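Visitor: I'm new to this one. Could you pick a single part and walk me through it up close?

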Amino acid sequence: MSTKPTTTDLEWTELDQRAVDTVRVLAMDAVQKVGNGHPGTAMSLAPAAYTLFQKVMRHDPADADWTGRDRFVLSAGHSSLTLYIQLYLAGFGLELDDLKAFRTWGSKTPGHPEYGHTVGVETTTGPLGQGVANAVGMAMAARYERGLFDPEAAPGTSPFDHYIYAIAGDGCLQEGISAEASSMAGHQQLGNLILLWDDNHISIEGDTGTAVSEDTMKRYEAYGWHVQRVEPKENGDLDPRALFEAIQQAKAVTDKPSFIAMRSIIAWPAPNAQNTEAAHGSALGDEEVAATKRVLGFDPERSFEVSDEVLNHTRGALERGREARDAWEKSFQEWRDANAERAAEFDRIAAGELPAGWEEKLPVFETGKAVATRAASGKVLQALGGVIPELWGGSADLAGSNNTTIDKTSSFLPADNPLPEADPYGRTIHYGIREHSMAAEMNGIALHGNTRIYGGTFLVFSDYMRNAVRLSALMHLPVTYVWTHDSIGLGEDGPTHQPVEHLASLRAIPGLNVVRPADANETAIAWREILRRWTKEFGKGAPHGLALTRQGVPTYEANEDTAKGGYVLFEAEGSSGESAEPQVVLIGTGSEVQLAVEAREQLQAAGVPTRVVSMPSVEWFEEQDQGYRDSVLPPSVKARVAVEAGIGLTWHKYVGDAGRIVSLEHFGASADGKVLFREFGFTADAVAAAARDSLAAAQR
């Protein structure tokens with residue numbers, strides 16, 4: 001077969017075209033074999049994906065985690081074969097048998113790409129639009145990383161300069177999260193981000209004219225993006241030459257993210273299935289697969305046909321990757337030689353280590369003084385900001401309320417932003433009122449590596465973020481959500497802003513650690529524990545959600561067992577004041593711990609030895625061995641009360657049949673927080689009464 005180039009600007013041979021057509025055959029066969037999947041988009045996107053992986057991106061298939069690599073995000077995750085087949089052809093570790101096992105138990109090729117499961121998959125995608133926001137986060141992280149290690153380098157000359165490529169479909173751009181993220185990217189002038197839109201006009205319900213009529217390209221122009229359209233060939237196929245040229249033009253625009261609209265025909269060139277909704281999410285059928293193979297010049301009697309010539313050609317990506325890696329290593333070593341201190345910092349951060357002595361900077365708060373835990377969290381962040389340079393973050397336009405400003409003099413904003421604190425490498429992120437994309441951008445930042453990220457909003461708005469938070473947990477990403485105004489205690493804003501079901505709902509997400517500290521010292525220790533748990537080995541980590549008070553709460557002595565999730569805050573006492581076996585255990589979290597403490601005083605005065613347990617994190621507590629958990633919550637003590645200003649769903653397993661729960665099983669109201677606590681039964685008297693009721697039940 002001829003290898004003579006057929007274009008002037010892009011080396012595109014007949015063998016390249018055969019490889020692209022091989023992608024189409026593999027996509028059809030993989031879906032046909034398992035009987036379900038999304039073949040059409042993988043077929044039409046074959047030239048685009050091939051061009052990226054074989055002609056454009058800087059990557060090394062032999063080392064998928066190479067720091068200097070470009071990143072690729074398939075936001076249209078339902079078309080997972082678009083990615084899997086390129087990983088196979090380029091030599092990332094997938095083989096033909098993996099494609100044959102598509103969507104089956106234990107395979108490396110699940111229905112949607114999963115980070116940490118398949119080498120070369122940069123993020124878990126599936127929920128549409130998440131990948132767009134992930135890519136924006138990666139682009140933000142790349143800029144911040146450059147600021148940490150090589151801020152003075154001229155554009156394009158640093159070993160930390162690289163690109164983020166993403167492919168999104170019509171569904172991705174219909175989801176609101178992509179609008180939030182795209183607005184943010186344009187505002188931030190992320191010139192290292194290139195988004196390819198598969199404009200195929202087809203979704204599950206048919207032609208997208210059923211749901212969409214806006215001019216998407218003008219929308220992206222309005223966001224501040226550099227926008228281009230790539231027209232198809234006369235036969236309807238994507239034109240790799242035109243796409244390659246568009247990407248080169250995009251790379252030349254350094255002060256805007258780039259949007260490339262690619263008009264495609266889904267399932268091209270299937271004779272009957274192309275441009276139909278059936279090709280989106282269903283196997284084409286044996287007859288249509290055979291007919292398409294004839295069109296492409298493949299044997300209709302053979303399945304998963306890959307010629308040695310094609311595979312040898314595409315596996316050339318391994319050699320190109322090694323050469324690119326070697327060139328990068330040379331420039332990286334030159335940077336190391338010229339920047340010894342920064343190189344040492346890079347090594348520390350890349351290893352997932354924290355700087356020596358960082359824990360000594362954590363504040364210890366005076367006992368007795370009333371401090372809102374949101375304020376305590378802010379003090380912790382400001383204290384750590386000076387010693388942990390990789391720690392950065394901000395808020396969804398609630399920084400003054402969330403206390404998430406790590407540095408008031410340094411905002412992550414492009415250089416031409418009029419704000420005086422604007423700095424392309426700034427510490428404080430202004431996410432804007434975009435909670436959903438904030439969470440997904442945080443995921444992208446964490447996935448990119450070499451920084452530690454947090455973001456804040458009100459706890460009630462975690463509902464807007466939930467899908468991205470779920471993906472944080474699914475990917476085991478070390479991100480921290482700072483959720484303030486954590487109960488009816490926030491007061492007059494009323495039931496729309498008062499979380500009721502949120503704590504229980506978030507605790508229901510597997511792998512998310514929810515931490516609701518009782519006071520300022522618990523807050524500081526919680527932050528310390530979260531930072532300790534962050535690790536380079538993402539597969540072993542977990543995201544955290546801090547639920548913090550608006551109102552002041554009493555400060556108790558710092559207790560290191562906070563990091564165990566639950567501990568004895570006040571022990572039961574006998575009549576002479578000595579420690580005694582508890583007759584009742586009161587369990588509280590957050591602002592309700594003080595109610596348990598006051599109720600204990602009443603019960604102790606009445607001769608009832610009472611233990612108070614603070615349980616800031618159920619998830620951390622469940623990690624402890626049974627012996628420790630039993631030492632905190634003795635199995636012999638059946639009289640128990642849990643108190644939390646939210647629904648009581650979490651606490652039934654801890655209080656048992658004789659236990660009682662002081663909870664809120666309805667929405668709040670607009671009034672002063674103290675009034676609401678009183679009117680809704682969150683008082684020391686109510687907790688003490690519940691304890692007496694539980695004692696009576698335990699004696700029956």
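This is a predicted model: local features need pLDDT of at least 70, side-chain atom pairs count only at pLDDT 80 or more; totals for chains, interfaces and linings use all residues.

Guide: Let's start with who is tucked away in helix 4: Ser80, Leu81, Thr82, Leu83, Tyr84, Ile85, Gln86, Leu87, Tyr88, Leu89 and Ala90 are buried. That makes the helix, residues 80-90, mostly covered, with 11 of its 11 residues buried.

The mean pLDDT of the chain is 96, and 98% of its residues reach 70 or more. Residues 1-8 are another story, with pLDDT below 50, though this stretch still has 18 contacts in the model beyond near neighbours in sequence.

Now, who packs against helix 4? One partner is helix 14, whose buried residues pack against helix 4 and also against helix 3 (46-56), helix 6 (130-149), helix 13 (308-314) and helix 15 (340-350). The buried residues in helix 14 are Gly316, Ala317, Gly321, Trp328, Phe332 and Trp335.

You can check the length of helix 14 yourself. It covers residues 316-338, and at 1.5 Å a residue its 23 residues should span 33 Å. The C-alpha atoms at its ends are 34 Å apart, so the two values agree.

Note on methods: Residues are numbered from 1 along each chain as its sequence is written. Side-chain values use heavy atoms; hydrogens and water are left out. Buried means under 20% relative accessible area, exposed over 50%, partly exposed in between (1.4 Å probe, protein chains only). Helices (H or I, at least four residues) and strands (E, at least two) are DSSP runs, numbered from the N terminus. pLDDT is the predictor's confidence in each residue, from 0 to 100. Contact means heavy atoms within 4.5 Å. The expected span of a helix is 1.5 Å times one less than its number of residues.
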